[in-house]
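The following note concerns helix packing, the nonpolar core and the surroundings of selected residues. Please read the points alongside the coordinates.

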Amino acid sequence: MGLDGAMMDTKDITHKVETVQDLLTAKFGIKRRPLAQMMMKAGRRLPGRLHKRARVLSDAQALGGHPKLARQMDMAAVDQAYEDCVAHLTAIDVADRRKGRVLGIAGAIVFNLLIVLVGFVLWLWWRGYV
């Protein structure tokens, strides 16, 4: 593979990394930064295997700028990592995540109110009013 093939791979890898960055921004509202930083910001909202796949992409992007090192890249692994990241991120439903968060907060509030109500009834019973 000549220098031209390495340059095409570099452009291809850059495009793939930018696509994953765009998806992270759209799905999680993460400010656009280098892919490794964006994945750290996403944290536990994404599974560990996706973090490993994104690391493959960011490593490939770092190697892509060096023509001799670019030949050592496993393009099949880079393509698989890209496909896995895009498949997982496109499957995320932002509205469903928002609804789940609202329901979780509402459940916590109702549980706390129930505990306070039970405590109040127990206090009334202990004082002899009930």
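1. A residue is called buried when its relative accessible area is under 20%, exposed when over 50%, and partly exposed in between (1.4 Å probe, protein chains only). By that criterion Met-39, at a relative accessible area of 5%, is buried. The model is a predicted one, in which local features need pLDDT of at least 70 and side-chain atom pairs count only at pLDDT 80 or more, while totals for chains, interfaces and linings use all residues. Residues are numbered from 1 along each chain as its sequence is written, and side-chain values use heavy atoms, with hydrogens and water left out.

2. Met-39 lies in helix 2; helices are DSSP runs (H or I, at least four residues), numbered from the N terminus. Met-39 touches Leu-24, Leu-46, Leu-50, His-51 and Ala-54, not counting residues up to four places away in sequence, where contact means heavy atoms within 4.5 Å. The C-alpha atoms of Met-39 and His-51 are 6.6 Å apart, with a sequence separation of 12 residues.

3. Ala-36 also has its place in helix 2, but this residue is partly exposed, with a relative accessible area of 43%. Between Ala-36 and Leu-57 the C-alpha to C-alpha distance is 9.2 Å, at 21 residues apart in sequence.

4. In helix 1 lies Gln-21, which counts as buried at 8% relative accessibility. Leaving aside neighbours within four places in sequence, Gln-21 is in contact with Arg-32, Arg-33, Pro-34, Leu-35 and Met-38.

5. How do helix 3 and helix 5 cross, and within what distance do their axes come? The axes of helix 3 (residues 48-64) and helix 5 (residues 75-90) come within 9 Å and cross at roughly 130°. Axes here are lines fitted to C-alpha atoms, for helices over the stretch in contact, and angles run from 0 to 180 degrees between N-to-C directions. The two helices are therefore oblique to each other, a class left over once angles under 35 degrees (roughly parallel), over 145 (roughly antiparallel) and 65 to 115 (roughly perpendicular) are set aside.

6. Residues making this contact include Arg-49, Leu-50, Arg-53 and Leu-57 of helix 3, and Ala-81, Tyr-82, Asp-84 and Leu-89 of helix 5.

7. The largest nonpolar core has 25 residues, of which Val-20, Leu-24, Phe-28, Leu-35, Leu-46, Leu-57 and Leu-89 touch the most other members. Such a core is a set of buried Ala, Val, Leu, Ile, Met, Phe, Trp, Tyr and Cys residues joined through side-chain atoms within 4.5 Å. Helix 1 (3-28), helix 2 (35-42), helix 3 and helix 5 each supply at least two residues of this core. Val-20 touches Leu-35, Leu-57, Tyr-82, Cys-85, Val-86 and Leu-89, not counting residues up to four places away in sequence.
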